[in-house]
Amino acid sequence: MPAAATITCLVVDDQQTIRSLVRSGLQELGFKAIHEAVDGEEGLRQMLSRPISLVISDFNMPKLDGLGLLRAVRAHPPIQKTAFIMLTGRADKDLVQRAVQFGVNNYLVKPFTVATLKEKIEAVFGILQ
Amino acid sequence: MDPLAAIRETFFQECEEQLAELESGLLAMEAGDADSETINAVFRAVHSIKGGAGAFSLEALVRFAHVFETSLDEMRSGRLASSDGVVKTLLRAADVLADHVRAAHDGSSIDEAHTAELAEELKALGPEGGDTSESEEDWGDFSFQPLSAAAPAAPATAGWRVRFKPRADLYAKANEAALLLRELGRLGETEVALDDSGLPDLADLDPEAAYLAWTVTLTGDADETAVREVFEFVDGDCELEVEPIVADGGSAGAPADLGEPEIPTTEPDGNLDIGVLLARVQAAAAPQAPPEVPSGAPAPAAAATLAEPSPQDGQGPSRKPEAGATIRVDLERVDRLIDLVGELVINQAMLSQRVMEAGFARASGVAMGLDELEQLTREIQDSVMAIRAQPVKSVFQRMPRLVREVAAMTGKPVRLVTEGEGTEVDKTVIERLADPLTHMIRNAIDHGLESPEKREAAGKPAEGVVRLTAAHRSGRIVIEVADDGGGINRERVKSIAAERGLIAADAALSDEEIDNLIFMPGFSTASTVSDISGRGVGMDVVKRSIQALGGRIAIASRPGKGSTFTMSLPLTLAVLDGMVVSVQGQTLVAPITAIVETLLPKAGDVHSLGGHARVIAIRDSYTPLIDVGMALGYRTTPLDATQGVALLIEGEGGARAALLVDAIQGQRQVVIKSLEANYRQVPGVAAATILGDGRVALILDIDTIVAVSRGADSLRAEKRLAATG
């Protein structure tokens, strides 16, 4: 039963709107440490420079997309155990299937409610305090 | 503003950026120079708009974006080839999408029929089965990667520092510290340090007690669970501390076992090479050249190659510079800063003048220091003005859509060429440019370009070209709208002007004068008021709005070759090029843009019309002569014209007049101070400024002076004064 406030989260999306929405959802759930990155490369750079326990990443982004980021995370031992939730813009089964193959911990379809966000995070971490 | 409303605003701001990206991408595709990244960016733009719209339940927008996105996905995956027709449909769809975004933002209405029509056209592009979106329910279950127990709190680690201190019980239960340390060694590289500080003197030593402790630095990819597992059987019989060693971003040590067995490598995803990527991201400070690595090569090799600059790749790839970091600042704050810098400029000028008056030599330290101050002040002023400057792109990028619409309405194929979109000018100037530009481009297509048949008959390509360019020229921005049409039909313009009573039927006019007739109020060449250009505004309105910005407009036309409208505008509205004049001991400033020429009246040229009204003969035409001193009430008897200087000015609607002043002091840039904000509106005065000697000088409102003095209809002039206030 992790407390939300103890989980450091990184939100990766090229859209400010989505980053803000995820951030506001996370804040509602009691998250305190929330970082943002505008694409996969920037996300990876941040993960290598500060401890991150949960990544919520969009799929379709310039430079390095969500799947690329997931693969990079899983391939780099120091960060490979980081929880990873993929944001998908539309119900794309193939995409989620591939993300599962690369070791995603869960997925979240846009648009999402705070309740769904909570449900998905809890599916990964267990019930939040 | 509540947070969600703020995010909603962010969404609409982002939409504008994405729409611009969408359009420029589609235009690149139309021009045939689009690579896969362009198509991807176009797809992403629509996709992002849809994603955000979904979050705010903007149903209509989501629906249309979805259909649009589906077609773009077809193109992205290569199932739909990019052809001229397809891109044209996509461009029109982009326009509809923009309408939807705006409708969602400001609640304006949507042309449902047009939306439905385009949605059908998009669906016709494929895919075959129509909408392929599937609902989440029929997915079945995925087996997501479970999170290892320690992971939630686990920071990124480069390894572990394990402090292990056995208690006596551990040994009593026949466990061996050495075996445990060896076990730990299997998880990675270890460095073991013995802490024997607890060891007593030999005399005090209890052979069955435990005195030793070890600190093990373990590097590698082992997780915390694995580390603790080693000590599973001695749990409770020892003191154990396991703490992570946090990886620092700079250590480029991708450990040797990068190729993780649990990562499926059966499906190479594009040309992504994780090793290269990691190394590049880690060494983000230095621009890196990802070397060519055979796709089958193991990642560590790639990382190793990267450690040294690859010799075959001298300049490295052209990595786009990171988008500049920006901050949003209230316009008010910027304007306040501009105001203050204006004060600074004035202050500095006053100081210089005082120093000169005090008799310091030019070469003296004080004077030289002041020179430097002047330079600095000017630089500060330029930099501050630059904050308000924006590229004209924001108004230019609205034009392609306009061209498409007008082209469709007139049935004339048109290509719009834009140049110099990055040219910067004051934000207010940009905002006020949109209307005149829209009108001029409409005119260029509607009146300037000939029908395709006529063009072909004249040996020109059927597709007309409208060129929109911007450039900086001698401290001003010059914007041109040029078409390659038939040029101005001078015969027709002249006969219409005569018909409307604007000129005498037998007037002898130069080509240039005829061309300029189209700027006269009430002139319209279209025999039938068309839907496109005839919206009740003519070129006279365009000219007036340009002049209101302190700009000038000129036309050049060549029969059979086309017409070019050239607008020249100041880069900022905060300063003005002024002619400083004196009238009855007062110092006044006349905007230079309005002055056509200056002349010294000769007695024979000035004729009285009774009362105080006078005219001056300038090259065979009579122009009203207005005594500024009288107009502003500085004197009651008119100045003898031969004692003063006449400024020939051109005001609103091309009306000319000569302003009589006592003397010209010089020409300089002045900082505009609003008189209304500081005092109140005064007829005949547009604003004020402070001169170098500290005196306040009024800036003349030429149009009002001319209108009032002509007595044309002083009441109307007053009304206009009220309206402009």
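Is Gln584(B) buried, partly exposed or exposed? At 42% relative accessibility, Gln584(B) counts as partly exposed, where buried means under 20% relative accessible area, exposed means over 50%, and partly exposed is in between (1.4 Å probe, protein chains only). This is a predicted model, in which local features need pLDDT of at least 70 and side-chain atom pairs count only at pLDDT 80 or more, while totals for chains, interfaces and linings use all residues. Residues are numbered from 1 along each chain as its sequence is written, chains are lettered from A and ligands numbered from 1 in the order in which they are written, and side-chain values use heavy atoms, with hydrogens and water left out.

Chain A has five helices and five strands, which follow one another from the N terminus as β-α-β-α-β-α-β-α-β-α. Here helices (H or I, at least four residues) and strands (E, at least two) are DSSP runs, numbered from the N terminus. Of the 129 residues in chain A, 67% count as buried. The accessible surface of this chain is about 3900 Å², with 49% of it belonging to carbon and sulfur atoms; such areas come from the Shrake-Rupley method with a 1.4 Å probe, and for residues only the protein chains shown count as cover. Among contacts in chain A with a separation of 6 or more, 63% are between residues 24 or more positions apart, a contact being heavy atoms within 4.5 Å.

Chain B holds 23 helices and 22 strands. Of its 725 residues, 42% count as buried, and its accessible surface comes to about 38400 Å², of which 51% belongs to carbon and sulfur atoms. For contacts in chain B with a separation of 6 or more, the share from residues 24 or more positions apart is 68%.

Next comes the interior. In soluble globular proteins, nonpolar side chains tend to be buried together. A nonpolar core is a set of buried Ala, Val, Leu, Ile, Met, Phe, Trp, Tyr and Cys residues joined through side-chain atoms within 4.5 Å. The largest such core has 63 residues, and those with the most contacts inside it are Phe31(A), Ile121(A) and Phe68(B). Helix α4 (residues 84–106) of chain B gives the most to this core, with 11 residues. A second, separate core has 46 residues, including Val414(B), Leu437(B), Leu517(B) and Phe519(B). Leaving aside neighbours within four places in sequence, the contacts of Phe31(A) include Cys9(A), Leu54(A) and Ile121(A). Cys9(A) counts as buried because its relative accessibility is 0%. A search of the whole structure finds zero disulfides over all chains, a disulfide being a pair of cysteine sulfur atoms within 2.5 Å.

Aromatic rings can also be followed through the model. Rings of Phe, Tyr and Trp (its six-membered ring) pair if their centres lie within 6.5 Å, and planes under 30 degrees apart count as stacked, over 60 as edge-to-face and the rest as tilted. By this rule there are seven aromatic pairs over all chains. One of them joins Phe11(B) and Phe12(B), with ring centres 5.1 Å apart and planes at 55°, so this pair is tilted. Both Phe11(B) and Phe12(B) are buried. The rings of Phe519(B) and Phe565(B) have centres 6.2 Å apart and planes at 85°, so that pair is edge-to-face. Phe519(B) lies in the loop between α18 (511–516) and α19 (539–548), and Phe565(B) in strand β11 (residues 562–570), so the pair links parts of the chain 46 residues apart. Ring pairs also link Phe11(B), Phe12(B) and Phe56(B) into a cluster.

Strand β11 of chain B is also the place of Ser568(B). Ser568(B) counts as buried because its relative accessibility is 13%. Not counting residues up to four places away in sequence, Ser568(B) touches Arg476(B), Ile477(B), Val478(B), Gly551(B) and Arg552(B).

Finally, a few backbone details are of interest. Most residues other than glycine have a negative phi, and most peptide bonds are trans. The peptide bond from Lys110(A) to Pro111(A) is cis, with omega near -10°. Gln584(B), the residue of the opening question, has a positive phi near 50° and is found in the loop between β12 (575–583) and β13 (586–591) of chain B.
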